[in-house]
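Student: I have a new structure to read. Could you take me through its features?

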Amino acid sequence: MPKFRVIQPKKNQRLAFVLVLDVSGSMLGRRIELLRAATSRFIKYQLSDFCTVGMVSFSTDSQTLANMTALDDATRQSLLDRVPVEDDKGFTAIGKGIEEALELLRRSREPTEGTLLLLVSDGEENVEPYLNDVMKSIKESRVIINTVAFGRHASKKLEKLVKMTGGKGFFYDDEKVSHKVLDSAFIESSSTQADVELQPIEIVSQNVELKANEHHESFFVVDKDLGKSTTFLITYDYPVDASKGAPLDVLVWSPRGKKYSSKSAEYKEDLRTLSISVTIPQAEPGKWKYWIQNKHTASLDVSFVVSSEASSLTEQPIRVRSWISDIDFTFPSRVKIYAEVKKGYNPIVDASVVATIARPQGDPWLMVLFDDGAGADTTANDGIYSAYFAHFNGSGRYSVEAVVINDGRAKVSIGGTPMSSSAPYLPRMSRQQQLELGSPRDSFAPEEFHSTSDISYVTGDEQESPVVSLKPVDDFERFSTAGSFKLEEWNEADRVAPSRVTDLKVVDAKLSDRMVWLEWTSPGDDLDDGQAVLSEVRYHSDPLSLLQNYMRASAASTNMLVEGDFRPPAARTRHALVLRLPPESELRLNASNHRLYFAVRTRDEIGNIGDVSNLALAHFRDPVPKMHIVRGDPYLLEKIFWAILVTVVSAAIVLAIALIACKVRSKKRNQKYECSRSNQSSQRASAADKHQSDKLLA
């Protein structure tokens, strides 16, 4: 029975972070310098005001570098001064560092539940207490632990900490040039602690190696839902002489051509954090350009990150969240990578989503994620894009990130599924935002209301449900860090089978000629990649027997093929077959309703076999006889139409004449009746007069 823990933050409760930093002897040199710069950038740029931050370090022993401190301009500088700048040549006591962080929280009387510990370490623990010794204290504290495995020899127990506390793991491979992953780990840790609607959004995160005097230029898009507190942060990892200034020249142009340079008030250089920043309170939407030149005499690893916040609390921007199905795998395994793309609660469909996987050896692997309901993807058009990753090339840690762009086809899907409620966000606001908005109001002008007429409903016997409405969205870019996973026991043998078919369906079935039309999305040689060699189709009248004893069910053979081929096409393309069942198969048909269940599984060239697909029901029946129109007269339908029209009009005229005749006849009858009554009255009057005259004479 699963258990759930729901945490409701207290009113005005501050976000809390504790940095747990490894300063052991293995961090000597470039590692400690990179850690110092990344930690300083985290404190200076990425943490918001009003949150609280503490800092501890560990090697053979542990110490508190900074007690829990509420951030403002003054305290930020104090914390920056306490960031470690060198290793202490000691050993690695990760458990002791965690204990120090928990004790720091207890001393400060900060609530431990929900506090994020960001642990950075580069080695295997070799000093007590070990992580296993402090697991009980970690569970009881209910903290969240994000880990950064700094280098290829970081402890293999870091993933255990992440899984146990619900955190996220990251991997920085310092044997490769780029330091971007290290910054991404800090950025992700800071942003995900805030309420979703208040989290800053990463628009772009790129890195490039610039040789001496070389330059790089490109552009990025700020969409209309973003722009507030937009920051362009350029970082580099090569220590420089402070007297010579920053080794880079940076220029940024707005869509209207305004240039930001070292002479602009928004432009800041910081040699302590090895960074250059351009911060704009409200960036205009559109295409921005940037230009970066290396003035240094040596090559520089340069990272460029653009982040921004929602321009309005009432109109949520498109947000991206990426993750991995698990973080600890043993080869062979099915690693599934996800990216959720939504605007509020509404999914974004037809976006271009590409995942980049940094592997232990060689270049990163680029992979497209899909939202089509096939392969790794469970539900089509729900805004969750996914794909299997199978291109392993060694044991170790793999880092994953996702880039999402609108290539002109992206649309927001409003209504239609329970997963895409059209209800608006009711955002929580920070104290700064409350001050900006002012006191609550109880009256509004008509023009302040937004129309909701873009959602229509269907009424009838069925329950009301919203109709899907697809609206194009403007150009946008998003970046998201999914984290890292660890793979063990890798070998070069092909042990990855094709993925399971999940969308097998019967297009049609006819009883008279025993034909059935089948269709599904083809898997690949390795999960959803490449091309498999054989699709094996089987059928049975009993669905349970087909699932439990697949190999005993009747198999479709080449003699039964009317159209198509059992050899699958390339992965993620449609595979269609038309089969004519043999006469003896009629014995398997249910006599009352003539039903058969079909399933398929796929085999690769090595013999790896995928799982049995979903079941597809074929209800065999002959079509209802259709009316046949004699061909030959091209105006036959027109003649039939006019004949029907003339008949209807004639009938209407006859009916009208009949009604008029009845009315005239009725009128004449009434007139005759009135005349008769008048004559009778006259006769009675004459008789009465005569009687009176006779009486007088008598």
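Tutor: We start with the whole chain and then turn to single strands and helices. Keep in mind that this is a predicted model.

Student: How many helices and strands does the chain have?

Tutor: There are nine helices and 36 strands. The chain has 698 residues, and 45% of them count as buried. Its accessible surface comes to about 37,100 Å². Carbon and sulfur atoms hold 53% of that surface.

Student: What share of the contacts comes from residues 24 or more positions apart?

Tutor: Such pairs make up 75% of the contacts in the chain with a separation of 6 or more.

Student: Now strands. Which strands does β1 pair with, and in which sense?

Tutor: First the general idea. Strands of a sheet pair through backbone hydrogen bonds, either parallel or antiparallel. Here, β1 (residues 16-22) runs parallel to β2 (residues 52-58), with seven bridges between them. β1 also pairs with β4 (residues 116-121), again in the parallel sense, over five bridges. Look at Val20. Val20 stands opposite Val56 in β2, and its bridge partner in β4 is Leu119.

Student: How does the chain get from β1 to β2?

Tutor: It passes through helix α1 (residues 30-46). This β-α-β crossover is right-handed.

Student: Is β1 mostly covered or uncovered?

Tutor: Mostly covered: seven of its seven residues are buried. Ala16, Val18, Val20 and Asp22 point one way. Phe17, Leu19 and Leu21 point the other way.

Student: What would an antiparallel case look like here?

Tutor: Take the open sheet of four strands, in the order β29-β30-β34-β33. Its pairing is antiparallel. β29 (505-510) and β33 (561-563) stand at the edges with a single partner strand each, so one side of each has no neighbour in the sheet. From one strand to the next, the twist averages 25°. Inside the order, seven bridges join β30 (residues 515-521) to β34 (residues 574-580).

Student: What comes just after α5?

Tutor: Gly166, which takes a positive phi of about 75°.

How values were computed: Residues numbered from 1 in each chain as written. Predicted model: local features only at pLDDT ≥ 70, side-chain atom pairs only at ≥ 80, totals over all residues. Heavy atoms only, no water. Pairing = 2+ DSSP bridges. Helix = DSSP H or I, 4+ residues; strand = E, 2+ residues; numbered from the N terminus. Axes fitted to C-alpha atoms, helices over the stretch in contact; angles between N-to-C directions. Buried < 20%, exposed > 50% of the residue type's maximum accessible area, 1.4 Å probe, protein only. Right-handed = clockwise from strand over helix to strand, strands pointing away. Contact = heavy atoms within 4.5 Å. Areas by Shrake-Rupley, 256 points an atom, 1.4 Å probe, with all protein chains shown as cover.
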